[in-house]
Amino acid sequence: MQLEKNKELIRIGVFYDGNYFFHVSNYYNYVHSKHSRISISGLHDFIRNKVASVEYGPMGFAHCQIVDAHYFRSRPGAAEASQKGNLLYYDRVFDDILMSEGITTHYLPQKSNAGGSSRFDKSIDVLLALEAFDLAFHNRFDVIVLIASDSDYVPLARKLNSLGVRIMLLSWDFDYRDDYGNHRVTRTSQDLLNMVTYPVYMEEIINEPKPEEIPLVESLFVNKDSTTKNGDLAPKEEDEEPLGEDYEVSTILSVKSGYGFIKYPPLNLFFHYEAVVGCDFNDLEPGDQVKFRIVTNEKGDDVAMDVELTSRPL
């Protein structure tokens with residue numbers, strides 16, 4: 001829809017399903033050839049450009065502004081997070097990034113299964129839907145951008161359509177492995193895609209950008225500082241940090257895109273990037289000594305969890 005040049009400001013509201021965005025960002029950081037996380041500021045510039053292109057035309061960027069943005073996610077409580085290396089620190093760093101971009105955060109406690117593994121609570125989806133509809137009704141957004149994939153948001157899309165709010169959906173479709181080594185496929189709900197005004201297939205744009213989209217795609221990713229590489233970690237003394245009865249020690253055999261293997265005769269143990277604590281998965285190298293717990297995945301295979309770097313060969 002092309003709007004006249006004297007059209008008033010197009011007000012954009014952005015709503016993140018944080019659990020979904022977290023996995024998308026991890027996918028690009030650990031599995032995809034980009035090996036970098038998604039930049040929030042770059043994503044917002046991308047959104048403004050995309051809205052301008054469909055609402056106003058190539059010259060309409062200045063007339064499209066994000067006036068409100070909200071991030072919803074379930075996450076571990078302080079006690080649980082404190083047992084997972086630097087998780088509390090990294091959560092705080094990401095909170096600072098969200099605040100610097102003017103994003104309001106909404107968190108609910110992450111639930112745990114009987115076996116102790118965490119799972120995402122669907123109530124965060126309900127909270128997002130309620131907040132998005134309430135804010136759309138009172139703030140009268142012209143366009144709402146959803147960063148989500150779940151069919152649970154179809155009722156929200158119907159309600160937003162009834163208000164006359166246009167919906168842009170940023171969706172990613174990709175395959176990945178979960179923290180138990182199981183193959184997972186992420187697909188956006190077709191019912192949700194059918195309900196929105198502007199579906200945007202991010203994976204296609206990122207992998208095969210048009211010439212005019214290349215600068216926007218490049219700015220979607222964080223420029224990594226090579227000085228953050230944890231290459232000078234000194235070996236720990238045996239009595240500096242007790243391993244505890246549940247932990248084993250061995251060395252990393254190989255590291256691949258998003259997963260790796262730990263030497264543990266007679267079989268090598270699989271570990272997923274989400275199982276790494278205390279450092280970034282991309283900092284791990286073959287030969288590094290790690291401590292870890294052994295758990296059983298859904299297929300009955302032993303895999304490594306809570307993998308933490310303890311020393312690096314000189």
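A salt bridge here is a side-chain nitrogen of Lys or Arg within 4 Å of a carboxyl oxygen of Asp or Glu. The model is predicted, so local features need pLDDT of at least 70, side-chain atom pairs count only at pLDDT 80 or more, and totals for chains, interfaces and linings use all residues. Residues are numbered from 1 along each chain as its sequence is written, and side-chain values use heavy atoms, with hydrogens and water left out.

By this rule the count is nine salt bridges. Three of them are listed here.

| Salt bridge | N to O distance |
|---|---|
| Asp96 and Arg92 | 3.7 Å |
| Asp95 and Arg75 | 3.3 Å |
| Arg293 and Asp306 | 2.7 Å |

Helices (H or I, at least four residues) and strands (E, at least two) are DSSP runs, numbered from the N terminus. Buried means under 20% relative accessible area, exposed over 50%, and partly exposed in between (1.4 Å probe, protein chains only).

Take helix α4. Asp96 and Arg92 sit four residues apart in this helix, so about one helical turn separates them. Asp96 is partly exposed at 38%. Arg92 is exposed at 55%.

Asp95 forms a salt bridge with Arg75. This pair links distant parts of the chain: Asp95 is in helix α4 (residues 87-100), Arg75 in strand β2 (residues 64-75), 20 residues apart. Asp95 is buried at 13%. Arg75 is partly exposed at 22%.

Arg293 and Asp306 pair strand to strand. Arg293 is partly exposed at 26%, whereas Asp306 is buried at 14%.
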